[in-house]
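Hi everyone, thanks for coming. Have a look at the model on the screen while I talk.

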Amino acid sequence: HCSVHGRFTVEQIAHARAIYPEARIIVHPECTREVVDAADDFGSTERIVKLVNEAPSGAVIGIGTEINLVNRLAHQHPDKEIFCLDPVVCPCSTMYR
């Protein structure tokens, strides 16, 4: 169990889809089963990075994982709209290391 990933909800995914209907939603597998099922894709940190790297320019991607990774990916890919599903999520010191 991860308290950070437990904060992501199906409602956050629905909200993201309402704002960005074209968004691809990717979550970490430590999210709840309901969140994983509602997402377009899921995977480890390595897989999330791979999916973002492979996304075309202009892609909109909502990510459900530790905020430092999401911020790093957004910085590395200014040609893509990358955002965290939970705008107030706390950083995970273990994953950040």
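Predicted model: local features only at pLDDT ≥ 70, side-chain atom pairs only at ≥ 80, totals over all residues.

Residues are numbered from 1 along each chain as its sequence is written, and side-chain values use heavy atoms, with hydrogens and water left out.

So, the core. By nonpolar core I mean buried Ala, Val, Leu, Ile, Met, Phe, Trp, Tyr and Cys residues joined through side-chain atoms within 4.5 Å. Buried is under 20% relative accessible area, exposed is over 50%, and partly exposed is in between, with a 1.4 Å probe and protein chains only. The largest such core has 28 residues, and I61 is one of those with the most contacts inside it. Setting aside neighbours within four places in sequence, I61 is in contact (heavy atoms within 4.5 Å) with residues including V52, I82 and F83.

Now the helix α1, residues 10-19. Helices here are DSSP runs of H or I, at least four residues, and strands are runs of E, at least two, numbered from the N terminus. Which residues of α1 are buried? They are Q12, I13 and A16. Seen down the axis, they fall within an arc of 100°, so they line one face of α1; the arc is taken from the directions from the helix axis to the C-beta atoms. The face turned away carries exposed E11, H15 and A18. Cover for the buried residues includes β1, α2 and β4.

Last, T32 sits in the loop between β1 and α2.
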